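Subject: Structure handover

Hello,

Please find the structure below. My notes on it follow.

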Amino acid sequence: MAAQRQYEELARQLSAIGAVKRGLGRGLPADCPGGSAAVLVLLERHGEMRMSRLAELLAVDMSVTSRHVAHVAEKEWIHRDPDPADKRSRILRLTPAGKAKLDELNDLSIKTLTHYLHDWSDDEVVQLSTLLARLRDSFGDCRAASARLPHPSEETTRETTRTPA
């Protein structure tokens, strides 16, 4: 297990990831803000779904999800079809135009990463990808109702380090 100071440094580095995310976000086209891009990515990854499931995957409330869905539907990047099992609900589906937009977003992401990581070796990029995937796996599904942080009385260390987001 890593030493306390190593976890403190890791916490500082993870806090700084916000700058990386903002840098990637600046590469998005004006017609597709981050929330809209997330909707497209999740529909491609998970397939058609109800808005409630999308809100769960986005980890935001329904009002925020509704705004994102309205935007991508207005752009005709998704269809909102009646759910045959429950006519009050809608099933969200990616359209061919949405898939094309997603392809554009993927190309932009690759160009942005290529720009910022131009001096990294292929091995370093693979190592970072591998470690980030492992980190994500270690956290599991943070949206799950059973996921929770240990209570302070359960922690093995007496001190915690807070870092600004």
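I start with isoleucine 78, which touches Leu40, Leu43, Val69, Val72, Ala73, Leu92, Arg93, Leu94 and Thr95, leaving aside residues up to four places away in sequence; contact here means heavy atoms within 4.5 Å. This is a predicted model: local features need pLDDT of at least 70, side-chain atom pairs count only at pLDDT 80 or more, and totals for chains, interfaces and linings use all residues. Residues are numbered from 1 along each chain as its sequence is written, and side-chain values use heavy atoms, with hydrogens and water left out.

Core

Ile78 is listed with Leu40, Leu54 and Leu92 as the residues with the most contacts inside the largest nonpolar core, which has 19 residues. Such a core is a set of buried Ala, Val, Leu, Ile, Met, Phe, Trp, Tyr and Cys residues joined through side-chain atoms within 4.5 Å. Buried means under 20% relative accessible area, exposed over 50%, and partly exposed in between (1.4 Å probe, protein chains only). Two or more residues of this core come from each of α3 (34–46), α4, α5 and α6 (96–116). The most come from α3, which gives five residues.

Overall

The protein chain has seven helices and three strands, in the order α-α-α-β-α-α-β-β-α-α along the sequence. Helices (H or I, at least four residues) and strands (E, at least two) are DSSP runs, numbered from the N terminus. Of its 165 residues, 20% count as buried. Where contacts join residues at least 6 apart in sequence, 52% of them link residues at least 24 apart. The chain exposes about 12100 Å², with 55% supplied by carbon and sulfur atoms; accessible areas come from the Shrake-Rupley method with a 1.4 Å probe, and for residues only the protein chains shown count as cover.

Salt bridges

The whole structure holds ten salt bridges, each a side-chain nitrogen of Lys or Arg within 4 Å of a carboxyl oxygen of Asp or Glu. Aspartate 81 and arginine 93 form one of them, at 2.7 Å from N to O. Aspartate 81 is in strand β2 and arginine 93 in strand β3 (residues 86–94), so this pair ties together parts twelve residues apart in sequence. Both ends are partly exposed, aspartate 81 at 26% relative accessible area and arginine 93 at 27%.

Another salt bridge joins the side chains of aspartate 86 and arginine 88 (3.1 Å, N to O). Here aspartate 86 counts as buried, at 16% relative accessibility, whereas arginine 88 counts as exposed, at 76%.

Lysine 99 and aspartate 103 also meet in a salt bridge (2.8 Å, N to O). Both lie in helix α6, four residues apart, about one turn of the helix. Lysine 99 is partly exposed at 33% relative accessible area, as is aspartate 103 at 35%.

Backbone

Most residues other than glycine have a negative phi. Alanine 59 has a positive phi, near 60 degrees, and is found in the loop between α4 (51–58) and α5 (62–74). Alanine 59 counts as exposed, at 56% relative accessibility. Glutamate 76 has a positive phi too, near 65 degrees, and is found in the loop between α5 and β2 (78–83). Glutamate 76 counts as exposed, at 57% relative accessibility.

Regards
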